[in-house]
Amino acid sequence: MSANLPAQEAAHIAPRPFFRTPVTEAPLIKFTLIAIGLAFIVAMIFLPLAAVFFEAFRRGAEPFFAALVEPDALSAIRLTLFVAAISVPANLAFGLVASWAIAKFEFKGKSFLITLIDLPFSVSPVISGLVYILLFGSYGFIGPWLIAHGYQIVFAVPGIVLATIFVTFPFVARQLIPLMEQQGKGDEEAALSLGATGLQTFFRVTLPNIKWALLYGVLLCNARAMGEFGAVSVVSGHIRGKTNTMPLHVEILYNEYNFVAAFAVASLLAFLALVTLVLKSVLEWRYSGELAASSRH
Amino acid sequence: MNSLATSLRPAPSVLPGWGITMGLTLTWLSLIILIPLAGVFIKSAGLGWDEFWRLALDPRTVAALKLSFGAALIAAGVNVVFGFLAAWVLVRYEFPGKRLFDAAIDLPFALPTAVAGLAFTALYAPNGWLGSWLVPLGIKVAYTPLGIVVALIFIGLPFVVRSVQPVLADFDRELEEASATLGATRLQTVVKVILPALLPSLLTGFALAFARGVGEYGSIIFIAGNIPYVSEIAPLLIVIRLEEFNYAGATSIAAIMLVISFALLLLINLLQAWNRRRTGIQA
């Protein structure tokens, strides 16, 4: 027993082969955690993404492209682009106006107003569609009057645009407000004191300061506008070739057991999501200082 | 609207445009969001108290609401565990492809929900990549409530990770060193020093994921199987009632969901304020 003691002491003094600082984990634990974490991300994120493209090309490239150039698919793509082309600029304009009023002035009830702007994030997409049916439907509050005068809002393109604006409402504003509050109003006050008009100040001072955050907000707004399903599904009426957006077209094809075509159109939307993610990551890496700290969506 | 804007009266400022920008903001907000949402409550009030509760307590409605809230609760719970783990791995460790994995976390924000629903159905169907392994083991995911939970884990994951990540990255390592020098084991340091500091951000992520999961529609309807009383979620029941032209039925479900969503939103705001006070970080 006693002969072992010096050897034990030596083992304590000699540097251990895998020395770790007390604020890290043992290598084995570390690798286990990385393995579990990455396996979870692979199973929940990468596998579904891969499955979309795999199913789309299951029968080769020909049926894939045939599904994309078929007239109903083309009209769905056109409608999706049309809806985004209206709803994204609408929310861009709203975002700029609202963030100027909210970030550049001090007033009571500011955080309550921001909460109201954030409301659509907490509302189920289906309810976002339902509210317009209750307003503009043929049994709605003002629907009968509008329909009698020849204006069809729901189960038509205007309803799809409205529902899309509803669900994407906060995207631009919530990117701009925290950033503009952080930047303060010193630059604008300097410009005004040097004789710039209000609009000159906005376009030459404020806009350059927020351009990357604005682009970031528009990017996320556009992705959601093109991909929205629940709200649009409720108000669209699903008229093929007329009121079908790309996500709705995917659903119809899938319910008709036309899986290759459904996944082909879905893969186009997935590709759009990937492009959005890449651009978003580039913006985050290059201009992180010029984006607001929070990005909830 | 403009008179309301001016009556809010901001602190004096030399910047122009208060009246017009605040007026436009309130007008647009009211027209697009507030008035349409108010319609749900006006319509519900028009039903009368008894009729509203008769519709709301319809067994099929109750089953759908229970499923939506229950599945969202389980999925948010799973996301707290794995989202924390993913955030920990992404913040604390270096490994090849880290940036790719970090960027991929946001996919659920960018991927249209219908596409996600299709993808999970393909994966977990009996002949899918994962289903062909799981079904022989007796684990059925597609066309069961378990499938709903899986889809909601996907939808909620980025909320938890993105809430926890900045707080963890900003965490003062000296506190961990102090804890270690005082004799705590690594596990004790993590559980008693780090986790309490992350608690507000974990709860925020949980609440955000839960709130989003309750209302989720697109990613679920493909994988759920949509059997009444078993795997029929509340948003789908709203759609079914609308297709039956049963507007009263649809509205009563919507009103209940809205009230609970607004309560959750209030809770989230309180949690975020708590988080800001503790860490100074907008999660």
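User: What is the volume of the second largest pocket?
Analyst: This is a predicted model, in which local features need pLDDT of at least 70 and side-chain atom pairs count only at 80 or more, while totals for chains, interfaces and linings use all residues. Residues are numbered from 1 along each chain as written, chains are lettered from A and ligands numbered from 1 in the order written, and side-chain values use heavy atoms, without hydrogens and water. A pocket is an open set of points on a 1 Å grid over the protein atoms alone, where a 1.4 Å probe fits, with protein on both sides within 12 Å along at least five of seven lines. Taken as the space filled by probe spheres on points joined across faces, edges and corners, the volume is about 430 Å³.

User: Which helix gives the most to the lining of the second largest pocket?
Analyst: The lining has 22 residues (an atom within 4 Å of a point), and A:S233, A:H238, B:Y217, B:V239 and B:E243 lie nearest the centre of the pocket. Two or more residues each come from α12 (230–236) and α13 (246–255) of chain A, and from α12 (218–224) and α13 (234–243) of chain B. With five residues, the most comes from α13(B).

User: Which element gives the largest share of the lining of the largest cavity?
Analyst: The largest cavity (points from which the probe cannot get out) holds about 270 Å³ of space. Of its 27 lining residues, A:R224, A:E228, B:T113, B:R212 and B:E216 are closest to the centre. Elements giving two or more residues are α5 (110–122) and α11 (198–227) of chain A, with α6 (107–110), α11 (186–215) and α14 (247–279) of chain B. The largest share, four residues, is that of α11(B).

User: Which helix of chain A gives the most to the side that touches chain B?
Analyst: In the contact between the chains (heavy atoms within 4.5 Å), 90 residues of chain A meet 90 residues of chain B. The count between chain A and chain B is two salt bridges. On the side of chain A that touches chain B, 20 residues come from the helix that gives the most, α2 (residues 27–56).

User: How far apart are the closest N and O atoms of B:D106 and A:K280?
Analyst: B:D106 and A:K280 form a salt bridge, that is, a side-chain nitrogen of Lys or Arg within 4 Å of a carboxyl oxygen of Asp or Glu. This pair joins chain B to chain A, and its closest N and O atoms are separated by 2.2 Å.
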